[in-house]
Amino acid sequence: MPGGNVRPSYTGLINLGGILPGSGLAPTDGEMRMIWGSRAFFGYAVRDNGEAWWFANIGDAREPSRNAMRQERDAWAGQLTAHFSDDLPLIPDLIRRTSEIHSYPIHDLPHVPCWRDGPVGLIGDAAHATSPSSGQGASLALEDAAHLAVCLRDIADPAAALAHFEAERRPRAEQIVAEGRRRGAYKAPRSRAQMWLRDALMPIVFRFLVTEQSLAWIHDYRVPHSAA
Ligand SMILES: Cc1cc2nc3c(=O)[nH]c(=O)nc-3n(C[C@H](O)[C@H](O)[C@H](O)COP(=O)(O)OP(=O)(O)OC[C@H]3O[C@@H](n4cnc5c(N)ncnc54)[C@H](O)[C@@H]3O)c2cc1C
């Protein structure tokens, strides 16, 4: 089978999230607001009807067991509000008022040794699942679909088309998975000093280093028109 015996790799982050109808917050006009908190990371968006969608990433160096993830809503809410107690009051408020909180550890697949077996192949998350911190999992899956279509159109033998596809796609996909890991590492500072350093550097990084140009390899990618 393609993929072989590959275990997903734990990223050191747990994702939690929920939906709060009638939040009473002003709509964010299609924007997702993201906050690097003092201990964890928070994102939220408010629809025009006042429904708020939020997620939080908290750090946990040891991979939690399935049982540990099955905590009651109140236990997660208590843990989360403690994580954000020094941050924007809106965050613990949203968490407290949300009746259902979903939780799961975040894994990725940095390197799946083989994506194909004869005429059977993997694409999307099955081949290269990336942490949501990359913001690129769905984009990669769509690129895969378009690129695979080009390969199958231009190369008559399906096994050869899949081999070509894997050779072309693997470097980019694995680079983005690694980028997701790198971005995730800043989300949950392990100490006050780490938080202070992150907050001091962040404005400089976003002003001079994270630019349209530096992100062009991710956002301006074009699928080749032919599999020559
Ligand atoms: C919290 C979170 C936030 C994310 N944020 C972003 C983001 O901002 N930007 C972005 O680009 N990506 C994001 N992603 C990643 C994105 O959702 C995935 O990378 C993308 O959905 C992968 O698409 P896929 O088609 O490969 O797999 P999937 O979307 O997982 O689709 C696989 C489908 O196969 C079905 N299936 C599984 N087994 C079988 C079976 N045996 N028979 C039939 N059907 C089966 C499943 O039910 C599923 O519908 C995020 C993911 C998460 C979890």
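Biologist: Which residues of helix 6 are buried?

Modeller: This is a predicted model, and helix 6 covers residues 158-184. A residue is called buried if 20 or more other C-beta atoms lie within 10 Å of its own. In helix 6 the buried residues are Ala161, Leu162, His164, Phe165, Glu166, Arg169, Ala173, Ile176, Val177, Gly180 and Gly184.

Biologist: How far apart are the C-alpha atoms of Gln175 and His128?

Modeller: Gln175 sits in helix 6. Along the chain, Gln175 and His128 are 47 residues apart.

Biologist: At which residue does helix 6 bend?

Modeller: Helix 6 has 27 residues, and from its first C-alpha to its last it reaches 37 Å, close to the expected 39 Å. Its bend is about 40 degrees, and a proline, Pro171, follows within four residues of the bend. The residue at the bend is Arg169.

Biologist: Where does helix 7 bend?

Modeller: Helix 7 runs over residues 192-209 and reaches 24 Å from its first C-alpha to its last, close to the expected 26 Å. The bend is about 35 degrees, and Pro203 follows within four residues. The bend in helix 7 is at Leu201.

Biologist: How many of the 18 residues in helix 7 are buried?

Modeller: In the protein as a whole, buried residues make up 29% of the 228 residues. Helix 7 is hardly covered. Among its 18 residues, the count of buried ones is 0.

Biologist: Does Ala188 count as buried or exposed, and why?

Modeller: Ala188 is in the loop between helix 6 and helix 7. The cut-off for a buried residue is 20 or more other C-beta atoms within 10 Å. Ala188 has 23 C-beta neighbours inside 10 Å, so Ala188 counts as buried.

Biologist: What distance separates the C-alpha atoms of Ala188 and Leu13?

Modeller: Ala188 lies in a loop, the one between helix 6 and helix 7. Ala188 and Leu13 are 175 residues apart along the chain. Their C-alpha atoms are separated by 7.9 Å.

Biologist: What is the order of the strands in the open sheet?

Modeller: Strands of a sheet pair through backbone hydrogen bonds, either parallel or antiparallel. This open sheet has 5 strands with antiparallel pairing, and their order is 2-3-4-1-5.

Biologist: Which are the edge strands of this sheet?

Modeller: An edge strand here pairs on one side only. From one strand to the next, the twist averages 20 degrees. The edge strands are strand 2 (33-36) and strand 5 (102-108).

Biologist: What is the bridge partner of Ile35 in strand 3?

Modeller: Strand 2 and strand 3 form a hairpin with 4 residues between them. The two strands run antiparallel and are joined by 4 bridges. In strand 3, Ile35 has as its bridge partner Phe42.

Biologist: Which residue takes a positive phi in the hairpin of strand 3 and strand 4?

Modeller: Strand 3 (residues 41-46) and strand 4 (residues 52-59) pair in the antiparallel sense over 6 bridges, one of which links Val46 to Ala52. The hairpin has 5 residues between the strands. The residue with a positive phi, near 90 degrees, is Gly50.

Biologist: What is the bridge partner of Ile14 in strand 4?

Modeller: Strand 1 covers residues 9-20 and is joined to strand 4 by 8 bridges, the two running antiparallel. The partner of Ile14 in strand 4 is Ile58.

Biologist: What is the phi of Asp29?

Modeller: Asp29 lies in the loop between strand 1 and strand 2, and is exposed because 9 other C-beta atoms lie within 10 Å. Most residues other than glycine have a negative phi. Asp29 is a residue other than glycine with a positive phi, near 50 degrees.

Biologist: Which helix gives the largest share of the shell around the ligand?

Modeller: The ligand is surrounded by residues including Asn15, Gly124, Asp125 and Pro132. The shell divides into 3 nonpolar, 6 polar and 1 charged. The largest share, 4 residues, comes from helix 5.

Notes:
Residues are numbered from 1 along each chain as its sequence is written. This is a predicted model: local features need pLDDT of at least 70, side-chain atom pairs count only at pLDDT 80 or more; totals for chains, interfaces and linings use all residues. A residue is near a molecule or strand if its C-beta atom, placed from the backbone, lies within 6 Å of it. Ala, Val, Leu, Ile, Met, Phe, Trp, Tyr, Cys and Pro count as nonpolar, Asp, Glu, Lys and Arg as charged, and the others, Gly among them, as polar. The expected span of a helix is 1.5 Å times one less than its number of residues. The bend at a residue is the angle between axes fitted to the seven residues ending there and the seven starting there. A residue is buried if 20 or more other C-beta atoms lie within 10 Å of its own, exposed if 12 or fewer, and partly exposed in between; C-beta atoms are placed from the backbone. Two strands pair if DSSP finds at least two bridges between them. Axes are lines fitted to C-alpha atoms, for helices over the stretch in contact, and angles run from 0 to 180 degrees between N-to-C directions.
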